[in-house]
Amino acid sequence: MQDTVAVALITALSTLAAAALTGLVGALSTRRQLAHQLTVAGQESAERRATRRDELRREAYVGFLSACDRAYRQLDRRWLEAAKSEPTSGYDEAYTAMRAVDEAYNLVLLEGPADVAAVARSVLASLTTEYADQRRLGDEPGDAAAPLRDRHRDRWLAAIEVRTNRRIVFVDVVRPVLDRDG
């Protein structure tokens, strides 16, 4: 009878040990699966944030370039128009377009990175300089019937070159920022 009890005790203990081992392996496996799922969820969340950041940056950069184009068109009109007999106010269409560039620059400044914001600042500075030059040149005495472009051809050509160069530098700095993960 002792043999029977011993066999029963050994069987019971081995069953309990097997159950404990199975439970331990199951718990470790479940823990590993949960850790993996948390890692995947974190990566997906980071990817969504990065995608959203990239979208916001793209929108800010495109908005900045669009505002610059509108300002360039207004500045072009001022280069091509003959001087007006009445004085122009400080809040003309070119000024309004310049303010739009300034507002778009603020978004670029917020979205960054710093190198893009620095180049955008140089674009804004060149626009502001051209606008100020136009106002100063327009106030100079001369043939009021002739457009500024004709009276100051060298300044006009230099302004066009600065515009082109600043825009190219801006786009060259922006492209790698938008293509970092793409």
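My entries on one helix and a few salt bridges follow.

**Ground rules.** I am reading a predicted model, where local features need pLDDT of at least 70, side-chain atom pairs count only at pLDDT 80 or more, and totals for chains, interfaces and linings use all residues. Residues are numbered from 1 along each chain as its sequence is written, and side-chain values use heavy atoms, with hydrogens and water left out.

**Helix α5.** I looked up α5, residues 153-178, and found 26 residues reaching 38 Å from first C-alpha to last. That is close to the 38 Å expected at 1.5 Å a residue (1.5 Å times one less than the number of residues). Helices here are DSSP runs of H or I, at least four residues, numbered from the N terminus. Buried residues of α5 include Trp156, Arg163 and Phe170 (buried is under 20% relative accessible area, exposed over 50%, partly exposed in between, with a 1.4 Å probe and protein chains only). Their cover includes α1 (2-80), α3 (114-139) and α4 (148-151).

**Salt bridges.** I found 11 in the structure (a side-chain nitrogen of Lys or Arg within 4 Å of a carboxyl oxygen of Asp or Glu).

Which side chain does Arg163 meet in a salt bridge at 2.7 Å? The partner is Asp76. Arg163 lies in α5 and Asp76 in α1, so the pair ties together parts 87 residues apart in sequence. Arg163 is buried at 6%, while Asp76 is partly exposed at 27%.

I also noted Asp92 with Arg78, at 3.1 Å, N to O. Asp92 sits in the loop between α1 and α2 (93-111), and Arg78 in helix α1. Both count as buried, Asp92 at 17% and Arg78 at 16%.

Definitions and conventions
Helices (H or I, at least four residues) and strands (E, at least two) are DSSP runs, numbered from the N terminus. Contact means heavy atoms within 4.5 Å.
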